[in-house]
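Here are some notes to read alongside the structure. Please keep the view open as you go through them.

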Amino acid sequence: MKSTIRRVATGAALMGMVALSAACSTGPDNEDPATGESASQGTQAITLTSNAIVGGKNAAEAEWIDEWLIPEFTKMQKDKGVDASVKFEPQGVDDEDYKTKVALDLSSGKGSDVISLDGIWIGEFAQADYIKPLDEVTDMAADWDGWSQIPDAVQGAASFEDQRYGIPQGSDGRVIYYNKTLFEEAGLPSDWQPTSWDEILDAGRALKKIDGVVPIQLNAGTAMGEATSMQGLLPMLMGTGQRLWEDGKWAGETQGLTDVLNLYKTIYVDEGLGDPILQQEAAGRDTSFSEFAAGNIAILLEGDYFWRSVINPAEGVGTAPMEDRDEVVGYAKIPSMTAGSGIEGQDFVSMSGGAARVLNPNSENADLAWELLAFMNSPEAFEARAAGTLSISPRDDVNEELLKSDPMLTFVSEEVLPVTAYRPGLAEYPEVSLSLQQATLDVVSGTSVEEASKKYADDLGGIVGADAVMSN
Amino acid sequence: MSTLTESPPVTRTRHRRRADDVAGLGARRAIAFVGPALLVIALFLLFPAIWTVYLGLTNYRLTGLAAANTSFVGLENYASAFTDPSFWNSLRLTVVFVGASGVLGQTLLGFTLAWSLRRVTGWARSTLEALVLAAWVIPGSVHAFLWIALLDRRGGTLNTILNTPGKAWLIDNPMTVIVLFNIWVGTAFSMQLFSSALSAVPPSQLESARMAGAAGWQQLRDVVIPNIRGHILTNTLMITLWTFNTFTPYLLTAGGPNGKTEILSVYIYQTAIPGGQLGFGAALSMIMLIINLFIALMYMRVGRSKK
């Protein structure tokens, strides 16, 4: 009998591990310098986190924080007689993993004082009480002079139910990138602006004749995460005139969705104009970047992030730098399915999102954290930031000053932002987005369009409730 | 490792009458000795397990409304698990994975290695043991990195050797890859366990068998296997549970492509952490726990009936 007990004990110990791994999901594995001893000695310590790391993802932002922001801010505080200590906690992982980490930090009452979030996560984080309206965290937020420089539409990216939760970090837009060298080789114009999906497909067919070249990369699948929705399915859906959310209802099995999934089918299954395996690889998105940079992918749909932070040849900035970026890479607006078929009868469409920085409601030095956040969004901070890589800032005064110097961002700001669309800022969106990604994955890996869109509509009903789904 | 090799003597002495208080501590002091250990077990094993049971009955989520206002949903999570095709798919994949890589692969390969090495000594044996053990000693994340470098679609070692550029092994044959991967990782354990078990087989019995004219496989069947049955059971139990709970394949395939390698541990992780459905994930963990218990009890029953 004893040996039985022993075996049970062994078994139980092993199983305990499973239970542990499941239940201890909130185990904090980050030390929290914000609550360190130094705080009691008159030093006010705060931390900030962002999905940026020197030598990796968003390197320019990380360098700006380390080399400009922290020294300048501590100096400024010192002049006021405040002994402030700021620590940057860098991350350099996929956006989904970053979101999970931040959510776990906040759910256990920890986390940095100033946190970068994708604007689209604000809703679900606010509903979970992980973040609070700025005015509840600090009295100083309401009087900030920067608000007048940030348009309401941009402020919306960091708001939920008409309350500001953070400061938006700017806007972005999606375009079509293409490799001019490959276009010339295929006999296509190097100054290219397609006006319908068919023109993209025709270019793809011409490019397919070049040996070893993947003509089109239109993100698909769940491994690419939100990049599939933002750069792939959603701009195409806008091009059919179908919004994802309208008048309180989510688009289910609509004609627009069928058209988009058929486009995926044409590219990946029927005509082999894209690489279906790449869409399923665990690191597919990064690979698509390096393949484009190596001249193996001819057409790629991405945000301006790709231009700024991926193929940027400036030293230590791009993760897949292209020395001859400015000569070889062209960019064009994303066309609607056919001329005028987009939302609002538009010929061209895009999608925009944007990051936001929020304050941790658990912060012990919330006022100082706010001062840091406000300082990060001052005109001089954006100017210093632009020295690394320029991006479209949330501030009108800064944009007017800085964007002139960069033709690509001027293009996004002047041509793309006027036709862009935003994701519904609802807490259900991330889950809906995941089912959309799954629908593209199903099509790319061989499921029929009818089946994939039906499965999506079923999932959608489960997420938002059957009454909130519209179809035609 | 030493406690494992000692296990047969323990089973043999279990019928012998034991003294009531061998150590002479008395009940109170004995409790004082085990108290701290029991407390730690209660805190880190029992409490999380009970907490998991509770979480599994709620709609708790990582973000959104249900994170702030978690409500009790009874057995709803279990009902949706049992009607969820991805759960059944994942369970099926797990059975295939455990059967092929654990029970068959690791046990057979481990035994074969131990059996063929039983008379090899010296440097040949040390080298081979070192190689097999290396796979067991290296951390999982390093394993995964090595295998990704081996199987990578662009410039992977295997594609270079076979001259098959562009073959995506991890996408085309994901299940085969993680099965082979797990066999490679875990065979050392079986090999070591069987090596020591084989050295405990009485040589006199083997000699008698040989003199009676028993062929190699007859010796194996009639002398060796009956002698090491206890080891086989222990080995299979451990390996089944380990393989059932292992998470390392996630590092290779992340459950993909399209859920083709989404074994139960990966499915739970995907649901609970990136998917944010912590309540549902806890319910799935509970189901996994019960399956584990069932496996353990089944093996113990088999072990007892053979005695």
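1. The C-alpha centres of domain 1 and domain 2 of chain A are 29 Å apart. Domain 1 covers 32-168 + 354-421, and domain 2 covers 174-351 + 425-470. These bounds come from an automatic or database domain assignment.

2. This is a predicted model: local features need pLDDT of at least 70, side-chain atom pairs count only at pLDDT 80 or more, and totals for chains, interfaces and linings use all residues. Residues are numbered from 1 along each chain as its sequence is written, while chains are lettered from A and ligands numbered from 1 in the order in which they are written.

3. How many residues of domain 1 of chain A are in contact with domain 2? There are 27, and they meet 25 residues of domain 2. Contact means C-beta atoms, placed from the backbone, within 7 Å.

4. On the domain 1 side of chain A, H17(A) gives the largest share, 6 residues. Helices (H or I, at least four residues) and strands (E, at least two) are DSSP runs, numbered from the N terminus.

5. Four strands of chain A form an open sheet, in the order E8-E11-E7-E12, with mixed pairing. Strands pair if DSSP finds at least two bridges between them. The edge strands are E8 (214-217) and E12 (329-332) of chain A.

6. Strands E7 (174-179) and E11 (297-303) of chain A pair in the antiparallel sense over 5 bridges. Tyr177(A) stands opposite Leu300(A) in E11(A).

Note on methods
Two residues are in contact if their C-beta atoms, placed from the backbone, lie within 7 Å.
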